[in-house]
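Welcome! Have a look at the structure first, and then read on.

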Amino acid sequence: MAKIGNHAVVLGASMAGLLAARSLSEFFETVTVVERDPLPTCPAARRGVPQGRHLHGLLPRGAHVLEELFPGILDQLVEDGAHYVDGRDLSQVHYEAGGHVLVRAGSAPSFTAFLATRPFLEEHVRARVRGIANVTLLDDHDVVELIATSDWHRVTGVQAVNRRTRDDVRLSADLVVDATGRGSRAPMWLNAFGYESPREDHVVVQLTYVSQLLRIPPGVLHEWGFVVGAVPGRPRGLGILRSENDTSILTVFGIAGHEPHPDLISMCEFVEDCAPPHLLAAVRAAEPIGETTRHRQPSSRWRRYDKMRRFPEGLLVIGDAICSFNPIYGQGMTVAALEALALRRCLSNGTRDLAQRFFRLAAIPIRQAWELSANPDLSLPEIEGTPTLLTRLLNVYVDRVLTAAEYDPVAVDHFLRVTSFIDPATRLLRPDMMWRAALAKQRRRRIHQPPGGNGMPSPASTLRSSVG
Ligand SMILES: Cc1cc2nc3c(=O)[nH]c(=O)nc-3n(C[C@H](O)[C@H](O)[C@H](O)COP(=O)(O)OP(=O)(O)OC[C@H]3O[C@@H](n4cnc5c(N)ncnc54)[C@H](O)[C@@H]3O)c2cc1C
């Protein structure tokens, strides 16, 4: 393919930066990814990605995009020790959303997952990027400034500092892509150049994650994963997934300032009332590997670059630097991957109005992720903010869908296809799903009520005890 520029520089070599570099490599003679951390050549947590020590699920659509950008990477992950699982046997996963435990019989054929820790996944992506001939990873370099034309209309490069020698390094570039994550300084740089900062949308979640890597002996748990979301009155939950090398990573979380204490005993106590008892027993008997780790995130935050009327040429922002979600929903890496595809699509039409085109296209998966995470968050009374009428109606409808998913694997499949970004959210509004949702409460009652029975425990508690 004919190149459209000489040099592109990406700031940050985490998932968004690496995937952006892959897209840029098709359109620029050379691509340099500048990263503050020394980059390991094996799976290892690092300072610039502290979330790497916490549970990281890659949604099915994210896995599809990785395979599209790096053919063969998914087989490689499995060959090297990641677990491939699918929804053929729903008894192998315990998934509780909005207080509904999804049915644990039958199959959800669209659902697949590659289970591994975040450093393992990132290392595989990094190795692929290292293998692209025109991409260089410049690690141990801290980006300190953008360089621009004197009228500030165009960004022309970056200034970085070598962290080992303290030498200044100036890199000129036709395009600079900021992938420095939630701490991105792009709004500050824009201000310094005389542009407005992007408007910011926030949902204040006051989330705390505490995680522990564990070794649970094989055969102790039938399930490969458990997810228990928060519900009104219980702003706590957990996730645990099997990972490479016979490890599992357990995360317990609290929102609205509810904080688990960072040790395994306290973590178990924190979720005692919502974790399946056999899971807690397995965790208590497991071998902890390393220390527990804590992460706090005040809000989900979306910087609305897509709404800006003026933006300098030669600059883009990508990944968490645009939008960082409540991580409970496992969306960030998939959205970063979809943004990398959006970047590729925009660049295939040249660089004219690139920023406007890119931010508009990137806003499509961001909006889907935002609606799938911010809306349910706003339905919790513990979270500040008034949901709009539309959000309230959607939440009522999704609750109906989840009610159907308590007994109907087809509803589970439809729901997971949307939350995994395989289908747009409108898929849930197709007549077959609306029909299922409309009849959900009635059918659930019929399924859970024995002939002539009444005064039974609630369906959710029946299901919980039957799977526990
Ligand atoms: C606790 C937690 C759990 C999560 N769980 C999931 C999950 O289950 N599934 C999922 O898909 N996503 C999850 N995410 C989100 C996911 O980690 C991110 O969306 C993903 O890493 C993409 O982020 P990014 O590459 O844009 O930024 P980051 O991952 O934050 O990376 C930014 C990079 O920029 C570098 N950098 C920063 N400043 C500079 C500088 N001045 N100079 C040079 N380099 C710099 C950093 O060192 C780092 O490498 C989670 C996030 C958190 C916080």
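A residue counts as buried under 20% relative accessible area, as exposed over 50%, and as partly exposed in between (1.4 Å probe, protein chains only). By that scale Trp152 is partly exposed, with a relative accessible area of 37%.

This is a predicted model, in which local features need pLDDT of at least 70 and side-chain atom pairs count only at pLDDT 80 or more, while totals for chains, interfaces and linings use all residues. Residues are numbered from 1 along each chain as its sequence is written, and side-chain values use heavy atoms, with hydrogens and water left out.

**Backbone angles to look at**

- Trp152 is not a glycine, yet it has a positive phi of about 65°.
- You will find Trp152 in the loop between β8 (141-148) and β9 (155-162); helices (H or I, at least four residues) and strands (E, at least two) are DSSP runs, numbered from the N terminus.
- Asp353, also not a glycine, has a positive phi of about 50°.
- The loop between α8 (332-347) and α9 holds Asp353, and this residue is partly exposed at 47% relative accessibility.

**Salt bridges across the sequence**

- The whole structure has 31 salt bridges, each being a side-chain nitrogen of Lys or Arg within 4 Å of a carboxyl oxygen of Asp or Glu.
- One of them pairs Glu259 with Arg296, whose closest N and O atoms are 2.6 Å apart.
- Because Glu259 sits in the loop between β15 (247-254) and α6 (264-270) and Arg296 in strand β16 (residues 287-303), this pair ties together parts that are 37 residues apart in sequence.
- Glu259 is partly exposed, its relative accessible area being 34%.
- Another salt bridge links Glu406 and Arg444, with 3.0 Å between the closest N and O atoms.
- Glu406 lies in the loop between α10 (389-405) and α11 (409-419) and Arg444 in helix α12 (residues 431-448), so the pair ties together parts 38 residues apart in sequence.
- Both Glu406 and Arg444 are buried.

- Glu371 and Arg367 form a salt bridge at 4.0 Å, N to O.
- Both residues belong to helix α9 (residues 354-378), where Glu371 and Arg367 are 4 residues apart, about one turn of the helix.
- Glu371 is partly exposed at a relative accessible area of 35%, and Arg367 is partly exposed at 36%.
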